[in-house]
Amino acid sequence: METPNAPNPEASAPAGTSADINSRLGSLLELIAQGDQAAFAEFYGLTSRRVFGMARRVLIDTELSEDTTQEVFLQVWQNAAKFDAAAGSPLAWLMTISHRRAVDKVRSSQSATDREAKYGASSQEIDHDSVADEVGTRLEAEAVVRCLETLTDTQQESVRLAYYGGLTYREVAERLNAAVPTIKSRIRDGLIRLKTCLGVS
């Protein structure tokens with residue numbers, strides 16, 4: 001399977017309502033689960049900008065964001081059969097994978113920095129990466145839910161729509177009847193509080 005190139009940030013958002021898009025994505029996931037590369041390419045074309053956008057907001061670094069985007073779509077290719085429509089929409093499933101990958105990348109980078117700083121300090125030092133990975137995998141969902149509850153109602157609503165609903169800033173603004181700069185500010189402030197609560201630098 002050849003992975004498509006990095007997403008073009010200038011590409012336009014897919015047309016149609018969220019329900020239309022999710023319906024199409026659900027159909028494509030069924031085909032991807034059967035190894036259909038054309039369906040995968042279409043799925044990528046419809047969603048790569050959103051995935052890259054989320055990665056970029058979390059990671060800031062463009063190259064890391066592109067790497068994370070590719071990892072997300074590799075996971076989609078390998079795990080399309082695991083998508084459960086009863087558990088949520090295709091976009092919500094995809095954005096959850098994207099968020100986890102981006103947060104994992106931040107944690108991995110921070111862990112590498114910490115290891116370099118502490119190298120040689122103690123031969124008995126605990127392998128923090130193994131512990132963090134194991135605990136993080138089990139508790140990540142609970143931690144995110146708990147930390148979301150520390151946001152204001154307006155921040156929660158904006159973040160949920162953008163990250164778990166897969167909406168763009170403009171779509172969130174239209175949904176909440178607010179100005180785009182206001183929504184950007186709410187999401188930015190909400191993410192800062194989330195990162196602090198999750199212990200992500």
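Buried means under 20% relative accessible area, exposed over 50%, and partly exposed in between, with a 1.4 Å probe and protein chains only.

Two notes on the source. This is a predicted model, where local features need pLDDT of at least 70 and side-chain atom pairs count only at pLDDT 80 or more, while totals for chains, interfaces and linings use all residues. Residues are numbered from 1 along each chain as its sequence is written, and side-chain values use heavy atoms, with hydrogens and water left out.

Back to Asn-22. Asn-22 lies in helix 1. Helices are DSSP runs of H or I, at least four residues, numbered from the N terminus. Asn-22 touches Ser-89, Pro-90 and Leu-91, leaving out residues up to four places away in sequence. Contact here means heavy atoms within 4.5 Å.

Now the cores. A nonpolar core is a set of buried Ala, Val, Leu, Ile, Met, Phe, Trp, Tyr and Cys residues joined through side-chain atoms within 4.5 Å. The largest one has 20 residues, and Leu-29, Ile-32, Phe-43 and Val-76 touch the most other members. Which helices supply at least two residues each? Helix 1 (18-32), helix 2 (37-59), helix 3 (62-79) and helix 4 (90-118) do. Another core, of 19 residues, lies apart from it; among its members are Leu-148, Leu-151, Val-172 and Leu-191.

Look at Ile-32 for a moment. Beyond four places in sequence, Ile-32 touches Ala-39, Phe-40, Phe-43, Val-76, Trp-77 and Ala-80.

On to helix pairs. Two packed helices are described by the angle between their axes and the distance between the axes. Axes are lines fitted to C-alpha atoms, for helices over the stretch in contact, and angles run from 0 to 180 degrees between N-to-C directions. Helix 1 and helix 2 pack at about 135°, axes 9 Å apart. The contact includes Leu-29 and Ile-32 of helix 1, and Phe-40 and Phe-43 of helix 2.

Next pair. The axes of helix 2 and helix 3 come within 8 Å and cross at roughly 140°. That makes helix 2 oblique to helix 3 as well. Among the residues that meet are Phe-43 and Ala-55 in helix 2, and Val-76 and Trp-77 in helix 3.

His-99 is found in helix 4. His-99 is buried, with a relative accessible area of 10%.

Last stop: helix 7, residues 169-176. Which residues are buried in helix 7? Val-172, Ala-173 and Leu-176 are. Seen down the axis, the buried residues of helix 7 fall within an arc of 100°, so they line one face (the arc is that of the directions from the helix axis to the C-beta atoms). On the other side of helix 7, Arg-170, Glu-174 and Arg-175 are exposed. Just after helix 7, Asn-177 takes a positive phi of about 55°.

Who touches that buried face? Ser-158, in helix 6 (residues 153-164), is in contact with Val-172 and Leu-176, among others. Ser-158 counts as buried, at 0% relative accessibility.

How values were computed. Parallel < 35°, antiparallel > 145°, perpendicular 65-115°, else oblique.
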